[in-house]
Amino acid sequence: MTSDEGIVGDGPALGSDPFLQSDGTLPYLLRLREASLRMVTEARAQPQGRERELPSEPPDLGPPIPELPSFDDRDESAGALDRLASWLLTRADDDRLAQIFAPLDGRPYDDFGMSPRVARRALAFFKLIYKYWFRVESSGHAFIPEKEGAILAANHGGLLPFDATMVVADGILGGKPPRLIRTVVDRWAGSLPFVNVFYARVGQVIGSRDNVREMLGAKQLVLIFPEGMAGIRKRAADRYVLQSFHLGFVEESLRHRVPIIPVAIVGADDQAPILWDAQPLAKLLGLPFFPITPTFPLFGPLGLLPYPVRYEIAYGEPFRFHEEFPAETADDPHAVRYMAEQVRRRIQEMVDQRVIARRTKRT
Amino acid sequence: MRRVLVTHIESPVGRRLAKALYHDPEVALVVGAGTEPEPSFLAPYRGKIAYQRLDLAKARHLQSFLHSERFARARVDSVIHLPFVSEQPGERVPGGVPSLVSETRRLVEECVARPAIERFVYLSSVFVYSPEPGNVNIVSENQLLGFDGEGDVDVRAWIDADLICQGELHGSSLRTTILRAATIITEAGEFLNSPPLAHGEVQVGYDPMLSVVSDRDVARALVLALHADRPGIYNVAGREIFPRSQLRDSSRRLGPITLPDSLGGALSLVEQALGRRPAHVTSFHRYGVVVNTRLAHDVLGFEPQYRIEVRGQGARRRIDTVRCR
């Protein structure tokens, strides 16, 4: 007996085999054919198309499992951070968060890894920074759409991305209605240990076109810093001078038919003025830049903390390029560059107005 | 009416699939193939499902079966191939996971050579994609696969098998459908087709998000793919996604913990010198694989029916699947 014989063929393991005659009165295949013909006749009487092929009800795949508590119930033993957050946030803040996270429908994470629970804790902390450290003043909330998606294009500065954090906090605490603004962060941040996890849990997303497409498709607000890394590495002498813009945000605006809202952030460029970018050291450490500020590296990591400067965030009237140009315009580099330049100039104007007003106020 | 050959029917997904096919009025006959003696769970389905003991890793076993009268009588016109979804695919198969690639190649070639076999459904994994920090967070079917010569051997096998099946997508008489399933979670809280979870290593500072799907939903997706008019590649996942740190099954705890290179370069060198550095720390342990299932929804009509929840705190945390109401 070969090894095949035990495996292939009419072996004992086959049990009551539907291929074989069962009782000797009627061959199984004949009965099967009759049943098949009957089913075909019945099927022909039914409507054609995919509705017929796909079962409307899923097959019963097992006994029902007892209902489990909802996601909210599993946090009965809320940690110290949650209790602290409850102490720092008002009822109105929690209502705003509930409004923002309602589309999650109880899911503990959204598709980008944001956790409402972690985001709540983070908001409690950043609310203190927002109110008491940077004393943020904001204007122009009426330009932010209530439900639709949009791209917010802002100037960037300040070494650590507190400008992004303050815009996100402002969207929640000052938005009417509150909206979650999702910041597109540099790909490099996605490879940083701990930082990548924190960013994901508080709703920030790695900068890729597919991610932007997903977010705009879900009618979310996407905050983009078109200056990129050049914005935060610029020296103190260049503060509030916008660097050249990357063009992707205009292309995505045209492709996904959403407006671009210019956002001017004043204060970020003063929070950690960079005296010099030590590039040789940066290359050695594998960093995109190595800043020398009045406090860093003199005071170690503490020197990276921002100075308590006043922040001002202004949302401008949206650019609606998508209403004037077709989506194919996104493939025309000259047109896209022209539009990006329009946005850059507008943000520069908004920044200049506020910087001059500040200086006038001081004098 | 389809007459279906299901490989590895003894696997947890095969078990669910057997039940789903048994109740599917569009399926006339199922031949379930497996390497073990006939599993007892097939007993109630004997009227429609025949079991065939068959070691697909051995070419002559497959040849013998395909040339047998038994196969001719079955008049199989569709094949559902589930090579990687056993509890421990590498341990159960004598040649390890790579032998499942040869098995898949052999089966595909045999199916192509037989015009009577019209449809081929292959269950792949979303871990064929290449997760990187710069990649998209939500992966679509057109995302590049993660070719990495030094990568995880399981993942490489998955990619190879996936590519073999992709070869039949265009210009072939065999209507091939590839389902790339997220981490499959069984009713018992076990994980299937997920190399990062199977190996258990954790890297400090990273907690990638992973799509998950119930084994019952995978079975439903396979049935839908069997009847689908449009062959192609489809991602299959449930609605929920979880960070890696929350996905611990009832038996496995978190595995060895390593420091990221950027944090503990010197420590890593010491670990390596001591031979303690795990070999399987790959980009999967750092970056997430969350998939976009829009195509499966639009074309196959796939909608996940089962919710997956994580219950408990700390080490007592465990996975549960819940029937959707």
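1. In this predicted model, strand β4 (residues 78–81) of chain B is joined by four bridges to strand β5 (residues 119–125) of chain B, and the two strands run parallel. Within this pair, Val79(B) stands opposite Phe120(B), a residue of β5(B).

2. The pair belongs to an open sheet of seven strands in chain B, ordered β3-β2-β1-β4-β5-β7-β12, with parallel pairing. At its edges are β3 (49–53) and β12 (232–236) of chain B, each of which pairs on one side only. On average, and with direction ignored, neighbouring strands of this sheet are turned by 20 degrees against each other.

3. Helix α6 (residues 153–166) of chain B lies across two strands of chain B, β5 and β7 (175–181), and runs at about 155 degrees to β5(B). The 14 residues of α6(B) reach 20 Å from the first C-alpha to the last, which is close to the 20 Å expected at 1.5 Å a residue. Buried residues of α6(B) include Val155(B), Ala157(B), Trp158(B), Ile159(B) and Ala161(B).

4. Two packed helices are described by the angle between their axes and the distance between the axes. For helix α2 (residues 59–66) of chain B and helix α5 (residues 97–113) of chain B, the axes come within 11 Å and cross at roughly 25 degrees. Because angles under 35 degrees count as roughly parallel, α2(B) is roughly parallel to α5(B). Their crossing is right-handed. From α2(B), the contact is made by Ala59(B), Leu62(B) and Leu66(B); from α5(B), by Arg106(B), Leu107(B) and Glu110(B). An α-helix has 3.6 residues a turn, so residues three or four places apart point the same way.

5. Chain A has 14 helices and nine strands. Of its 363 residues, 37% count as buried. Among contacts in chain A between residues at least 6 apart in sequence, 75% join residues at least 24 apart.

6. Helix α6 (residues 162–173) of chain A has twelve residues, which at 1.5 Å a residue should span 16 Å; the end C-alpha atoms of this helix are 16 Å apart, so the two values agree. The helix is mostly covered, with eleven of the twelve residues of α6(A) buried. Among them are Phe162(A), Met166(A), Val167(A), Val168(A), Ile172(A) and Leu173(A), together with Asp163(A) and Asp170(A).

How values were computed:
Residues numbered from 1 in each chain as written. Chains lettered and ligands numbered in written order. Predicted model: local features only at pLDDT ≥ 70, side-chain atom pairs only at ≥ 80, totals over all residues. Pairing = 2+ DSSP bridges. Axes fitted to C-alpha atoms, helices over the stretch in contact; angles between N-to-C directions. Contact = placed C-beta atoms within 7 Å. Expected span 1.5 Å × (residues − 1). Buried ≥ 20, exposed ≤ 12 C-beta atoms within 10 Å, placed from the backbone. Parallel < 35°, antiparallel > 145°, perpendicular 65-115°, else oblique. Left-handed = near helix turned anticlockwise from the far one by under 90°.
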